[in-house]
Amino acid sequence: MPQTSRLKPVILVVSRELLMTALLLLGISLVVFSIVYLAPGDPFEALLGAQAGAADRQAALQAMELPSTWYGQYLSWLGQLLQGDFGASLRSGAPVAQELIVTGGNTLYLIFGAMLVSLLFAVPIAVYSVNRQDAFSTWLVTMTAYLASALPLFWLGYVLIYIFTHQLGIFPVATGLHTDQPLGLSHLLLPVILLGIGNGAVGEILRHLRLELARVLGEEYVRTARAKGAPVWRHALAEGLILPVTEMVAAKLPHILSGAIIVEQVFNWPGVGRLTWQAALDRDYPVILAVAVVAAAMVRGGSLLHRCVYIWINPRASREH
Amino acid sequence: MLYRQLSLQVNESTQLAWWRTADFKDLLFIAYGLLVLLAVFASYLLGVMHWLPQDPDEIDMGAIMAGPLSSGHLLGTDFLGRDILTRLVLGIQAYFLPGLLAIGIALGLGAVAGVLAGYRGGRAAAVVLYGSNLLDSFPRLILVLLVIAAFKADIYYVMVVVGITAAPLVASLVKGKVHALQQKNFIESAVALGIPASTIIFKHILWYNCRSLLLIQATLGMAEAILIETSLSYLGFGVQEPTPSWGNMVQAGANYLLQGNFWPSTAPALAILATVLGFYLLGDGLNNILERRR
């Protein structure tokens, strides 16, 4: 097949993925907006007092030049969102975007570190056990996966702190939000290991990798490669390992983000998780709203990346549908 | 592989009884899971009826942080000298009914969406896929915290969110099942026989072919509900002290754990581990026996 006609469907399918992602981002903003819109009570209740009727509210809306219909409010909120304006925190009055930037870096370290730890744990076990499909190793993998999911993350965190910080004195624990004390690798290591191993995601990653690897190694093209003496790994790597890894990274990102809230709580880690927790306590919904939108957008980004890797590895996909 | 294809064509009635063909391991998993289920249900009833070993708030000054098997306290006492076993039994109330609500929503919504996507196909399938991708985008705990901040910290509100966000998985499984039935010309034949669509959907698709799948998802759903509830009450948004929940018991004992008194925090953590593991293994065993056979 000539090069030009091969490239065209790829562009088509990638642009379709982009369109889908854009539609989903729009849906995400709508879901988040409707949760806050449907919530009982609004700032005007506090502003005007409980006796204020619908007419007073309408007058206040007009005086402040705010749109009175729900779609008007949604569109103006969306417009601000697209300009990077997430509104102001009800608690501190500071712009939410600024708070997210201050804490976001710490959480990104945590998430990417945890993902790395999960993969460093799961990939070798999957590769090692894939050719050993006997009952015992299957049982061992299954049990490891379920134990990792069932163990309460927060309890495991305290046990790790007790052993490594209090008894062995190796890893210091970060304290408090917005500390001036710089966070080093020694602060990061324990939370990253906890989130990477203790989170339920690692078990599912392990099982999925093992299953996919076994499936690809049984495919006919791998068998042909084996028969003609070609290195099996070079043929099976892309579809058997890289693809499932990106798929799992994309699929388990929300899981890890949820887990980060708990891990940051255990370790007093000054990140977005602590920020979200504090905001939920104070019912500071502009902050959580922003966190939800950014987190969901990250998940969509990860998913888009996975789809691109999929199309790149498997060009046939561009002729599907 | 060939065996599986062949066994697809074997009539159900000629197959051996399921306990003859089942793995010993799966039977063990199911036995443990049923034991956990029974223990949880019995303890829940005991808690509701107030048939408890001791008063959950009674402070035993003579036995503060007693270990397990100490006199008068089978599972020891916490940092205030309260009986841990009693508090563990009462802690089940924090998640049991809310968990059932989450399961009901997940199964109901998931089954409807799955049948719609599989049976109608086309535009309906596209809408369901869009909705599933949308719900899967949100980290569950962040969405739960948003609802808590916008509405109130009520476990039933939380479990509605948990149920809705668990629905996409159920929907995709049901949809896959419907597709498998379509490939066997099962639905086509039913339509040709003049069976009304509602009978096909409810009786033939959902009841005859999806009930084991839904049962398995229900057990996994309970495990998820326990994990979410304990995480939330650990974070301080669930049941508040002095009312016990497994999550706030771990949290309350955490400072003592860091001083080396493991038990008050570890007992509820082990309860979480044993129970969640029980529901997972029950689901896994049932899955191996009921679904792989087909």
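**Helical architecture of chain B in a predicted model**

B:Ala42 is located in helix α3 (residues 24–49) of chain B, where helices are DSSP runs of H or I with at least four residues, strands are runs of E with at least two, and both are numbered from the N terminus. The structure is a predicted model, in which local features need pLDDT of at least 70 and side-chain atom pairs count only at pLDDT 80 or more, while totals for chains, interfaces and linings use all residues. Residues are numbered from 1 along each chain as its sequence is written, chains are lettered from A and ligands numbered from 1 in the order in which they are written, and side-chain values use heavy atoms, with hydrogens and water left out.

With a relative accessible area of 38%, B:Ala42 is partly exposed; buried denotes under 20% relative accessible area, exposed over 50%, and partly exposed the range in between (1.4 Å probe, protein chains only). A distance of 22 Å separates the C-alpha atoms of B:Ala42 and B:Arg82, which are 40 residues apart along the chain.

Chain B contains 12 helices and zero strands. Its C-alpha atoms fill a box of roughly 75 × 50 × 35 Å along the principal axes, and 50% of its 294 residues count as buried.

Helix α10 of chain B (residues 197–235) comprises 39 residues, yet its end C-alpha atoms are only 47 Å apart, short of the 57 Å that a straight helix would reach; the expected span is 1.5 Å times one less than the number of residues. A kink of about 70 degrees in α10(B) is centred on B:Cys210, the bend being the angle between axes fitted to the seven residues ending at a residue and the seven starting there. B:Cys210 is buried, at 0% relative accessible area. Since 28 of the 39 residues of α10(B) are buried, this helix is largely enclosed by the rest of the structure. Just after α10(B), B:Gly236 adopts a positive phi of about 95 degrees.

A nonpolar surface patch is formed by B:Leu97, B:Leu100, B:Leu101, B:Leu109, B:Tyr156, B:Tyr157, B:Val160 and B:Ile164, which together have about 610 Å² of accessible area. Helices α5 (96–120) and α8 (155–183) of chain B are the elements that give two or more residues to this patch. Within helix α5 of chain B lies B:Leu100, a partly exposed residue with 42% relative accessible area. Patch residues have over 30% relative accessible area and no salt bridge, nonpolar side chains (Val, Leu, Ile, Met, Phe, Trp, Tyr) being joined within 5 Å and like charges within 9 Å; a salt bridge places a side-chain nitrogen of Lys or Arg within 4 Å of a carboxyl oxygen of Asp or Glu. Accessible areas come from the Shrake-Rupley method with a 1.4 Å probe, and for residues only the protein chains shown count as cover.
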